[in-house]
Amino acid sequence: MEKKVYQTIDYPFTVGNAPEGKEAVLSIRNLSISFKTDNGMVHAVRGVAFDLYKGETLCIVGESGSGKSVTSKTIMGILAANAHIDNGSVTYEGEDLTKIGEADFHRIRGTKIGMIFQDPLSSLNPIMKIGKQITEVMIINGDHLKHKFNDVISEALITYNNDKRLLEIAKEELKFVKKNKKSTPEQKEAAKKAYLEEKARLEPIIKADKVALKDKKKEARKVVKEFKAEIVKRHRELRAPILKKMFSKGGIAEYKNFISERRRYVSELRVTHKEAKMRALKIMKEVGIPDPERRYKQYPFEFSGGMRQRIVIAIALTADPDILICDEPTTALDVTIQAQILELINKLKAARNMSVIFITHDLGVVANMADRVAVMYAGKIVEYGTANDVFYDPRHPYTWALLSSIPDVDSKERLEAIPGTPPNMLFPPKGDAFALRSKYALGIDFRVEPKMYQISETHYCASWLLDQRAPEAEMPKIVSTRIENSLRKAGVHDGK
Ligand SMILES: Nc1ncnc2c1ncn2[C@@H]1O[C@H](COP(=O)(O)OP(=O)(O)OP(=O)(O)O)[C@@H](O)[C@H]1O
Ligand SMILES: [Mg+2]
């Protein structure tokens, strides 16, 4: 049979076309992160790209050390101090999160993007009551006037930051050519010219952006002032008759109304403690904490592991995030509890139309969660597609290896551990990093990195096995048998 010809795409600068009707909420392109250590640079993430679509769960799967957590921490802006973002972008609502400052990041981290970790204890304060831990975030983020201000200026601020960044990029490019020993004098000259042209083009734009931002800030101050004045005015109007009655005979009974009007007034300006508590109790119920009123006053040690993880999820939800990143949220829990937490995350995703990035080393967990799956190895994504693509038509030998190591309750087949150990990321292997551990490795795998082949509209894989010149390779028997079995169970008789 003639070998199929697959087109390649310019990964990690593109991830292929978005499936019809899908809108990316988060786009990562060509992301590379390294860590400075005493032994040298650890190249933890090496050119990662993916899109997270609205309302979908993307599962990132890979062995320990493959760079899953580093990728998610980059999105959250919580990388360790020795981390260096070598390259790439993380775009959310038109902003590159790798380029914005600490202050701007607070607008997004914990509000629009929430994260939960493997060990719930480490994200909870052991000496603070659960209720307070949930409400604290709401109160900190609950300044309505500040929100109003940010809403007005946000577009102008983003434009200004992005244009400033374009100039920085141009400068970095020039620096790169200048530093590169292989650059010829002509190349250096051309780079300098290109930089100066870009500078001349951008400087007036940035200047105009700055003026526009200043104007917007002025406008925002005015909007906030009027907004507040309106609230104060209404408060006075409502308070006046109460005060009048209070100062008349028997008016002390009006004191209750006086206080409640004051509460109403304050709640228009910011989230109050009472409001925060009401919302906390509601969210505690939503994440399945029984008897929330009593639980609200307890400390973390009074909760079981599964309940603690529910609390951590509740905290992440208080700000109503668009995106929830779950980094191995169930690894520390036993199997039944694990299943409950997964079910909870699925339920919340659907109810809130959130997008979820779910990180795990266990493909078995992913089956009931994922809309899409990205398989990560040695700091790269080696295969990605819909859950069906990856589970029923896997193409990368590493994906095959992961699939063979999922315990199967039905078949008597023995679990196959992946041979060898993950590579040392101080010296990432050349070519296809998995080749060293793969019996499918071709000669070229040890020298040249494979391109990203497009298998279908949704399915992509970086393996030389997909090249037309490569020999036909069959996936391991254990994987094909399982796929056949599960397809049969699902009532699909024709295997293709
Ligand atoms: N602060 C750091 N300094 C040096 N190296 C680091 C640092 N943080 C992470 N690394 C390295 O980066 C690589 C990727 O780590 P990461 O935590 O992303 O792995 P992971 O895929 O999340 O694995 P696990 O399943 O064990 O959580 C590893 O080689 C790790 O040792
Ligand atoms: Mg991790």
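**View 1. Strand E8 and its parallel partners in the predicted model.** In this predicted model, strand E8 and strand E9 (residues 355-360) run parallel to one another and are joined over 5 bridges, with Cys326 standing opposite Phe358 of E9. Strand E8 also pairs in the parallel sense with strand E7 (residues 113-116), in this case over 4 bridges, and here Ile113 is the residue that stands opposite Ile323 in E8.

**View 2. Burial of the two faces of strand E8.** Strand E8, which spans residues 323-327, is mostly covered, since 5 of its 5 residues are buried. On one side of E8 lie Ile323, Ile325 and Asp327, on the other Leu324 and Cys326, and the residues of both faces are all buried.

**View 3. The largest nonpolar core.** The largest nonpolar core of the model comprises 97 residues, and those with the most contacts inside it are Phe50 and Val375. Helix H10 (residues 305-317) gives the most to this core, contributing 8 residues.

**View 4. The surroundings of Val375.** Once the neighbours within four places in sequence are left aside, the contacts of Val375 include Val61 and Gly62 as well as Ile381, Val382, Glu383 and Tyr384. Also in contact with Val375 are Val390, His396, Tyr398, Thr399 and Leu402. Val375 is, together with Phe50, one of the residues with the most contacts inside the largest nonpolar core.

**View 5. The shell around ligand 1.** Ligand 1 is surrounded by 16 residues, of which the closest are Phe35, Ala44, Ser64, Ser69 and Ala80. Two or more residues of this shell are given by each of strand E2 (24-37), strand E3 (40-53) and helix H1 (68-76), and the largest share, 3 residues, comes from H1. By residue class, the shell around ligand 1 divides into 9 polar, 6 nonpolar and 1 charged.

**View 6. The contact between domain 1 and domain 2.** The domain assignment of the protein chain gives domain 1, made up of 1-112 + 320-399 + 449-461, and domain 2, which covers 148-269. Taken over C-alpha atoms, the centres of domain 1 and domain 2 are separated by 30 Å. Where the two meet, 6 residues of domain 1 are in contact with 4 residues of domain 2, and on the side of domain 1 that touches domain 2 the residues divide into 4 charged, 1 polar and 1 nonpolar.

Technical notes: Residues are numbered from 1 along each chain as its sequence is written. Chains are lettered from A and ligands numbered from 1 in the order in which they are written. This is a predicted model: local features need pLDDT of at least 70, side-chain atom pairs count only at pLDDT 80 or more; totals for chains, interfaces and linings use all residues. Domain bounds come from an automatic or database domain assignment. Two residues are in contact if their C-beta atoms, placed from the backbone, lie within 7 Å. Ala, Val, Leu, Ile, Met, Phe, Trp, Tyr, Cys and Pro count as nonpolar, Asp, Glu, Lys and Arg as charged, and the others, Gly among them, as polar. A residue is near a molecule or strand if its C-beta atom, placed from the backbone, lies within 6 Å of it. A nonpolar core is a set of buried Ala, Val, Leu, Ile, Met, Phe, Trp, Tyr and Cys residues joined through C-beta atoms within 7 Å. A residue is buried if 20 or more other C-beta atoms lie within 10 Å of its own, exposed if 12 or fewer, and partly exposed in between; C-beta atoms are placed from the backbone. Two strands pair if DSSP finds at least two bridges between them.
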